[in-house]
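This briefing is for a reader who is new to the structure shown below. Please look at the sequence and the model before reading on.

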Amino acid sequence: MSRLIVVSNRVTPPAPEGAASQGGLAMAIAAALREYSGIWFGWSGQSTPEFTGELHTQTVNGVTVATMDLEEQDIEEYYNGYANRTLWPLFHYRIDLTQYERSFGQGYERVNARFADMLAPLIEPDDVIWVQDYHLIPLGRELRARGQKRDGLLPPHPWPARELILTLPRHRQLVESLFHYDVVGFQSEEWKNAFLSYVLFDAGGMALSDGRATAFGRTVLPKAFPIGIDAKSFAALAAAPEAQENYQRMVESKAGRKMLLGVDRLDYSKGIDERMLAYERLLNESPELKREIFLLQISTYTRSEVEAYQDMIARLDSLSGRINGAHAEMDWIPIRNVHRLHGRDELAGIYRAADVALVTPLRDGMNLVAKEFVAAQDEADPGVLILSRFAGAAAQMHEALIVNPFSQEDVADAMRRALKMPLEERRRRWRALMDGVEKDDVMAWRDSFVAALKEARTGAGKRRSRSTTTRTGA
Ligand code: ADP
């Protein structure tokens, strides 16, 4: 049986199975690595004065983890530079924020070559390689230059429209790198189609009838693989005693009011400011709702991110402060603005206590908060999901109230509708959403991508032998 090698930008050793702190993705990958006796490879997150090429290998809970340290210049140019300041804003349609320096691009290429140098000796002929991050787009090309053949890339972000990617210096080189993989996964058909439109109109390529695309003298299979969550575990977690305790605490603190909830990693793509402005509009237009509702906005960042996000934190705090100042009363505050990280069980309890979830990113590859919120609900009295049309999740979650996050009116209308929605409609919508979240869970997602990787190899073999036969017969 072939082994699975997962390559991530940063690898943190997996927590014990079922650990509350671990997210669904990390858990699903750790489980797959146990099943296929694979390796998880990536940057340790640590810096070293000079790149040594030393590999740290350890086996944690049945998973072999191999990491390397990067030098300061690598981290500055590859990670803080090209990945965070160039690709992330570009992939989230924010070309106004995109910064590009030649040194970023050079660092990106250099570190990808380092990944390949360190990884190539670990690969056995039958291994299947899954590259997870947009930090590693050129890795497929670098691995092929070192003789490795079977791999796929499945990053979690959106793919930008062709008009936007054209603003990136050396965009051709970036897209060409994708053609060195067997399979390139996208979180939704929409992102896949954006990629295809570049291939057709800017790279002079073609879409083939079997779903593959050809350009730059190479062929790749672009396909949508929408990521899911571990729905059953999350639902069980939400009903377990620890989450119930948090749920009870939250219910008491609601004091009979309805709670609208936002949970986001602090990022400009999440549309948190726009959401607060839409909420302010609701308070202005429907004063009768005051005192009846409040918004709990949890926007988290880690200590290492403080500097990068300083402006955003200041803006968010001042916006929520202004709205609170204008509308709060002696015994009622319209917005609870929280920056703390919560444990998974705490979060599950908070989701369950919410009446309305506001998942309104301006652009998001998928958005797992939407799926976690659904999985955590009480079937007898579920909350309502308001979901941005620009999150990858919107393509799967039709029974949510789908909104345009750029329109305060649209979002305020949806909030009004959600707050008044009758129980029967809430249950009907939730059931349909939950069926989808359970069916397309993280295990199904992971298995379908690994199967596509294996199939790509077999398919390529078949195609090669077919063309050989044709030639011989001719
Ligand atoms: P992104 O990958 O862009 O951060 P997602 O919504 O897909 O966005 O995933 C975010 C993940 O982070 C979810 O699993 C969510 O539960 C978790 N998360 C977000 N905020 C918090 C928080 N305050 N405490 C704990 N986990 C959080």
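This is a predicted model: local features need pLDDT of at least 70, side-chain atom pairs count only at pLDDT 80 or more; totals for chains, interfaces and linings use all residues.

Residues are numbered from 1 along each chain as its sequence is written, and side-chain values use heavy atoms, with hydrogens and water left out.

**The mixed sheet**

- An open sheet with mixed pairing is formed by 10 strands, in the order E3-E4-E2-E1-E5-E6-E7-E10-E9-E8; strands (E, at least two residues) and helices (H or I, at least four) are DSSP runs numbered from the N terminus, and two strands pair if DSSP finds at least two bridges between them.
- Strand E3 (56-60) and strand E8 (206-207) are at the edges with a single partner strand each, so one side of each has no neighbour in the sheet.
- Strand E1 (residues 4-10) and strand E5 (residues 128-131) run parallel and are joined by four bridges; Ile5 stands opposite Ile129 in E5.
- Helix H7 (residues 189-201) lies across strand E7 (183-186), E8, strand E9 (213-215) and strand E10 (218-224), at about 155 degrees to E10. Such angles run from 0 to 180 degrees between N-to-C directions, with axes fitted to C-alpha atoms, for helices over the stretch in contact (heavy atoms within 4.5 Å).

**The parallel sheet**

- Six strands make an open sheet with parallel pairing, in the order E13-E12-E11-E14-E15-E16.
- Its edges are strand E13 (335-338) and strand E16 (401-403), each with a single partner strand, so one side of each is left without a neighbour in the sheet.
- From one strand to the next, the twist averages 20 degrees.
- E11 and E12 run parallel, joined by eight bridges, and Gly262 has Gln297 in E12 as its bridge partner.
- H12 packs on the sheet and touches E11 and E12, its direction making about 140 degrees with that of E11.

**The ligand**

- There are 15 residues around the ligand, of which Arg265, Lys270, Thr300, His342 and Glu372 come nearest (near means a heavy atom within 4 Å).
- A backbone N or O atom of His342 lies 2.8 Å from a nitrogen atom of the ligand; for Val369, such a backbone atom lies 3.3 Å from a ligand oxygen atom.
- Strand E11 (258-265), strand E12 (293-300), helix H12 (344-353) and helix H13 (368-376) are the elements that give two or more residues to the shell.

Key: A polar contact is a pair of N or O atoms within 3.5 Å; within protein, one must be able to donate a hydrogen and the other to accept it, and residues adjacent in sequence count only if both atoms are side-chain atoms.
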